[in-house]
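Let's take a walk through a two-part model, one piece at a time. Keep the 3D view open while you read.

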Amino acid sequence: MVVRSEVIAALESRFGNVTISEFRGHSRATVEAAEFIDMMTTLKETLGFDMLVDVTCVDYLNYRDARNRFGLVYLVANTTSAERLTVRVMLDDPDPTVASLVPLWEGANWLEREVWDMFGIRFDGHPDMRRILMPDEFTAHPLRKDYPLQGRGERHNFPVLTRSEG
Amino acid sequence: MAQGSVSVAIELPENVVVSKLDELASWCRKNSLWPMPFATACCGIELMATGASRHDLARFGAEVFRFSPRQCDLMIVAGRVVMKMLPVLQRIWQQMHEPKWCISMGACASTGGIFDTYCVVQGIDRFMPVDMYIPGCPPRPEQLIQGIIDLQDKIQLEGTVTGREFDLRARQQRKRALMELPIVNSPSGLILPR
């Protein structure tokens with residue numbers, strides 16, 4: 001559902017660096033990391049986008065024409081008007097950090113833990129920043145483009161039980 | 001049991017059969033294999049289907065699927081095992097009492113299947129002893145039943161009362177003594193081939 005023009009006008013007037021575009025019925029707003037938390041607060045409290053659907057990330061490491069390495073994707077939805085908006089935040093490599101959405105949406109807790117586990121993006125203000133999918137002692141961030149698909153040998157680093165011992 | 005009969009010189013009545021204790025014990029064990037279902041993924045559904053009424057696994061002695069390793073003989077690993085789950089699998093295997101056997105059901109448990117990724121173990125036989133592999137994605141219930149029948153044959157042929165067939169070290173030592181090769185003890189306790 002394309003967001004209404006009032007919503008677009010409100011966002012563009014309040015925030016200077018936001019870019020709003022639309023493609024085949026889906027709207028996207030690209031925002032800077034500095035204005036990100038204000039924009040999400042505005043979306044939730046003033047403009048009625050009360051549901052955080054998902055938080056994920058794209059690694060543009062080997063992508064041609066890429067300007068930043070990480071592109072965070074936040075999907076928000078308005079449950080009364082059925083509008084959906086994609087919010088993009090572009091981050092760069094040494095220490096990618098962004099404000100955490102846990103104070104606004106409790107559900108962002110596990111979603112941001114997954115992004116930390118898979119991509120290594122730190123969320124400032126997250127109450128419980130630890131791995132959620134991989135084991136706690138895992139050292140790499142597997143969904144980054146410079147991590148090989150088969151891993152670096154962590155999957156076979158276990159003791160062997162044989163018939164005479166096990 | 002009849003083929004294991006030993007011929008004796010005295011005349012026996014018709015209702016007496018003579019056999020070896022090993023064969024008797026193996027016959028009892030093979031016909032009462034209680035599975036420990038370690039179902040992690042899609043093969044688990046086929047395992048449940050095999051235990052259901054149409055392809056009834058209880059016909060072959062698997063009367064109950066005990067979910068406690070202390071009460072089971074046979075561990076059926078059905079489904080892919082990720083690296084986070086492998087220590088759990090090993091611990092449950094160690095908690096099972098001897099004699100115990102393991103069936104690796106499906107492609108993922110046997111070799112990792114289509115999931116050649118950073119988190120899926122490429123075959124549980126890398127980390128624990130497996131007695132029977134059942135290929136398939138998922139294997140049909142009939143294939144699982146055939147695997148269990150083949151395991152029953154294996155138990156009958158190789159089974160002993162005291163479980164000597166599970167002592168890999170002793171078996172290797174006997175074989176090397178037979179072949180008159182030097183016995184070298186490696187740090188892990190196993191005799192590694194040169």
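Start with helix H3 of chain B: its face turned away from the buried side carries the exposed residues Val88(B) and Arg91(B). A residue counts as buried if 20 or more other C-beta atoms lie within 10 Å of its own, exposed if 12 or fewer, and partly exposed in between, with C-beta atoms placed from the backbone. Helices (H or I, at least four residues) and strands (E, at least two) are DSSP runs, numbered from the N terminus.

A quick word on the ground rules. This is a predicted model, where local features need pLDDT of at least 70 and side-chain atom pairs count only at pLDDT 80 or more, while totals for chains, interfaces and linings use all residues. Residues are numbered from 1 along each chain as its sequence is written, and chains are lettered from A and ligands numbered from 1 in the order in which they are written.

**More on H3 of chain B**

Which residues of H3(B) are buried? They are Leu86(B), Leu89(B) and Trp93(B). These residues cover an arc of only 60° around the axis, so they sit on the same side of H3(B). That arc is taken from the directions that run from the helix axis to the C-beta atoms. E1 and E2 of chain B are among what covers the buried residues of H3(B).

**The sheet of chain B**

Those two strands belong to an open sheet of four strands, in the order E1-E2-E3-E4 (chain B), with parallel pairing. Two strands pair if DSSP finds at least two bridges between them. Strand E1 (35–39) and strand E4 (132–134) of chain B stand at the edges with a single partner strand each, so one side of each has no neighbour in the sheet. On average, neighbouring strands here are turned by 20° against each other, direction ignored. Axes are lines fitted to C-alpha atoms, for helices over the stretch in contact, and angles run from 0 to 180 degrees between N-to-C directions.

Helix H5 (residues 141–158) of chain B packs on this sheet, touching E3 and E4 of chain B, and its direction makes about 165° with that of E4(B). Contact means that the C-beta atoms of two residues, placed from the backbone, lie within 7 Å. Inside the sheet, five bridges join E2(B) (residues 74–78) to E3(B) (residues 101–105). One pair to look for is Ala78(B) with its bridge partner Met105(B) in E3(B).

**The sheet of chain A**

Now hop over to chain A, where an open sheet of five strands has the order E1-E2-E5-E4-E3 (chain A) and mixed pairing. E1 and strand E3 (51–59) of chain A are at the edges, each with a single partner strand, so one side of each is left without a neighbour in the sheet. Neighbouring strands of this sheet are turned by 25° against each other on average, direction ignored.

How many of the five residues of E1(A) are buried? The count is zero, so to speak a strand that is hardly covered. E1(A) and E2(A) run antiparallel and are joined by five bridges, with Thr19(A) partnered by Thr30(A) in E2(A). They form a hairpin with two residues between them. Helix H3 (residues 108–119) of chain A lies across E3 and E4 of chain A, running at about 5° to E3(A).

Most residues other than glycine have a negative phi, and most peptide bonds are trans. Here are some exceptions to look up:

| Where | Feature | Value |
|---|---|---|
| Arg24(A) | positive phi | near 50° |
| Asp95(A) | positive phi | near 60° |
| Glu98(B) to Pro99(B) | cis peptide bond | omega near -10° |
| Cys137(B) to Pro138(B) | cis peptide bond | omega about -10° |

Arg24(A) counts as exposed because it has 5 C-beta neighbours inside 10 Å. Asp95(A) is exposed too, with 9 other C-beta atoms within 10 Å. Pro99(B) is found in the loop between H3 and E3 of chain B, and Pro138(B) in the loop between E4 and H5 of chain B.

**Where the chains meet**

Finally, 23 residues of chain B are in contact with 16 residues of chain A. H3(B) gives the largest share of chain B's side, five residues.
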